[in-house]
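Hi everyone, thanks for coming. Let's have a look at the structure on the screen together.

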Amino acid sequence: MIRFHEVTFAYNSTKVLDNVSFEVKPGEFVFLVGQTGSGKSTILKLIYMDCLPTSGSVMVGKYISSQLGRRETPLLRRTLGIIFQDFRLLDDRSIYDNVAFTLHVTGVKGAEIRKRVLRALAEVGLSHQRNKMPAELSGGEQQRVVIARALVNTPHFLLADEPTGNLDPTTSREILQLLKDINTRGTAIIMATHNYELVRRVNERILQVREGKVYEVELRAS
Ligand SMILES: Nc1ncnc2c1ncn2[C@@H]1O[C@H](COP(=O)(O)OP(=O)(O)OP(=O)(O)O)[C@@H](O)[C@H]1O
Ligand SMILES: [Mg+2]
């Protein structure tokens, strides 16, 4: 469960969120929409506690922003899969090694790494490409690798910041479908996006960030 309770957040003088409360339950799929600069990425940063609220609290599973010990931040992040807005693969290593990288960093052991990497690559349909280098893949395939990388810890929540930002419409729809499939298998997804065409295609919950507030949006059939 993710819960924002009366969260206000400002970067120095720029107030981004003003007394915002909402929840995302296990297994949900939520679009986070709003104009550029409205605060979508900031909300995701508050969830993975790269930012802490100026007032109010963010609760993610058993972790609470106001009571977060230094050592707990990495533990919290291991319960999340994070796809950053400016996704980057490491150009100098294979697809397999890109996905394995974070596991090495967190001290997971050999056989377990292999099992998790192969499972994550299978989930995104890229097992057969695992020995290629990033430059040998299309943009859509690269984004699948980024998603696989976010799945290696079997997160409860997957945070995706504009995961279709640089992709053509067809590839964007495929990535959305992949995220929907991952959601169907039980992972909750919060996806920040500008792409209203994509949002309209599927009937999922929409949270809109506007002028410091977060609104539930109901899409009416047109
Ligand atoms: N590190 C920072 N320091 C100061 N201000 C920041 C910082 N990061 C973001 N901001 C400001 O906070 C506001 C919200 O930014 P945020 O990145 O959350 O918007 P966004 O909705 O994700 O936009 P986009 O759709 O362009 O990605 C903007 O006004 C932005 O300029
Ligand atoms: Mg953003």
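Now some housekeeping. This is a predicted model, where local features need pLDDT of at least 70 and side-chain atom pairs count only at pLDDT 80 or more, while totals for chains, interfaces and linings use all residues. Residues are numbered from 1 along each chain as its sequence is written, chains are lettered from A and ligands numbered from 1 in the order in which they are written, and side-chain values use heavy atoms, with hydrogens and water left out.

Back to aspartate 92: its side chain meets that of arginine 93 in a salt bridge, 3.1 Å from N to O. A salt bridge here is a side-chain nitrogen of Lys or Arg within 4 Å of a carboxyl oxygen of Asp or Glu. Arginine 93 is partly exposed, at 28%.

How many salt bridges does this rule count? The count comes to 12. Another one joins arginine 116 and glutamate 112, at 2.8 Å. Those two sit four residues apart in helix H4 (residues 110–123), about one turn of the helix; helices are DSSP runs of H or I, at least four residues, and strands are runs of E, at least two, numbered from the N terminus. Arginine 116 is buried, at 17%, whereas glutamate 112 is partly exposed, at 30%. There's also a network of salt bridges linking Arg3, Glu23 and Lys25.

Let's zoom out to the domains. The assignment, which is an automatic or database one, gives domain 1 (1–79 + 155–222) and domain 2 (89–153). Their centres, taken over C-alpha atoms, are 24 Å apart. Where they touch, 12 residues of domain 1 are in contact (heavy atoms within 4.5 Å) with 11 residues of domain 2.

Which salt bridge do we get across that interface? The rule finds one there. As for arginine 185 and glutamate 123, their side chains meet in a salt bridge at 2.4 Å, N to O. On the side of domain 1 that touches domain 2, helix H6 (residues 169–184) gives the most, with six residues.

Terms used. Buried means under 20% relative accessible area, exposed over 50%, partly exposed in between (1.4 Å probe, protein chains only).
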